[in-house]
Amino acid sequence: MDFEDVVRSRRSIRKFKPDAVPREVIEEILELATWAPSAMNTQNWKFIVVTGERIEKLKTIAGEAFDKHVEADLEKLFAKYPMVIKATGKYFHSLGGAPVVICVYRKETVEGLIPDVESVAAAIQNLVLAAHNRGLGACWMTGVLPLADKINEITGEKKLELQAIVTIGYPDTEPKPPPRKPGRIEWIED
Ligand SMILES: Cc1cc2nc3c(=O)[nH]c(=O)nc-3n(C[C@H](O)[C@H](O)[C@H](O)COP(=O)(O)O)c2cc1C
């Protein structure tokens, strides 16, 4: 796909077909993720790919994160749209039936928190664009982070910080693009 089409047509996908994703495809998108820029070239990311039975455990944790943390935030932001809250709850409790979940970790470096987070975020953006370019859907999620310790028990990661999880699979939905908000670009010209 043309690069600009990839960027514009990527959507967060929250409903997946049950079809397995070939391991080589996941390897390819992770390799592309690692071509992101990083502060002082620290490449301070780590990806743990979860498939199979353990996804059931991740669903339970994500559901708990929704019930205990996310739902209250959504009620403030989307008070007029109860369907959005309901649909998001359904997604967290099921992870959309995703056959693959990638847990993305961040290593602390001398650069400090903001550069560290930005570097890992750049890699996640590469990852979701590369997935979309291969016909896969993905949803970048931080709503589960209040329960990071429970996710770490599943991945076995003891040292690094969980920054996000990304659900991956073949899309079973074609969401409408949320319109881009105006007024976010300013020019200073002499
Ligand atoms: C840092 C970050 C965290 C996000 N966390 C969640 C999340 O926890 N759950 C979720 O359903 N979507 C999450 N999203 C997806 C956003 O809701 C989505 O990108 C936004 O609504 C715009 O839709 P689009 O990705 O289809 O353009 C997250 C996106 C980003 C960049």
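How many bridges join strand S2 to strand S4, and do these strands run parallel or antiparallel?

Modeller: Seven bridges link S2 (residues 100-106) to S4 (residues 161-169), and the two run antiparallel. Before we go on, this is a predicted model: local features need pLDDT of at least 70, side-chain atom pairs count only at pLDDT 80 or more, and totals for chains, interfaces and linings use all residues. Residues are numbered from 1 along each chain as its sequence is written. As for the names, strands (E, at least two residues) and helices (H or I, at least four) are DSSP runs, numbered from the N terminus.

Now pick out Cys103: its bridge partner in S4 is Ile165. Two strands pair if DSSP finds at least two bridges between them. Zoom out, and you get an open sheet of four strands with antiparallel pairing, in the order S1-S2-S4-S3. S1 (45-51) and S3 stand at the edges with a single partner strand each, so one side of each has no neighbour in the sheet. On average, neighbouring strands here are turned by 20° against each other, direction ignored.

Then there's helix H5 (residues 113-133), which packs on the sheet and touches S1, S2, S3 and S4. Touching goes by contacts, with C-beta atoms, placed from the backbone, within 7 Å. The direction of H5 makes about 5° with that of S4. For such angles, axes are lines fitted to C-alpha atoms (for helices over the stretch in contact), and values run from 0 to 180 degrees between N-to-C directions.

Key:
Contact = placed C-beta atoms within 7 Å.
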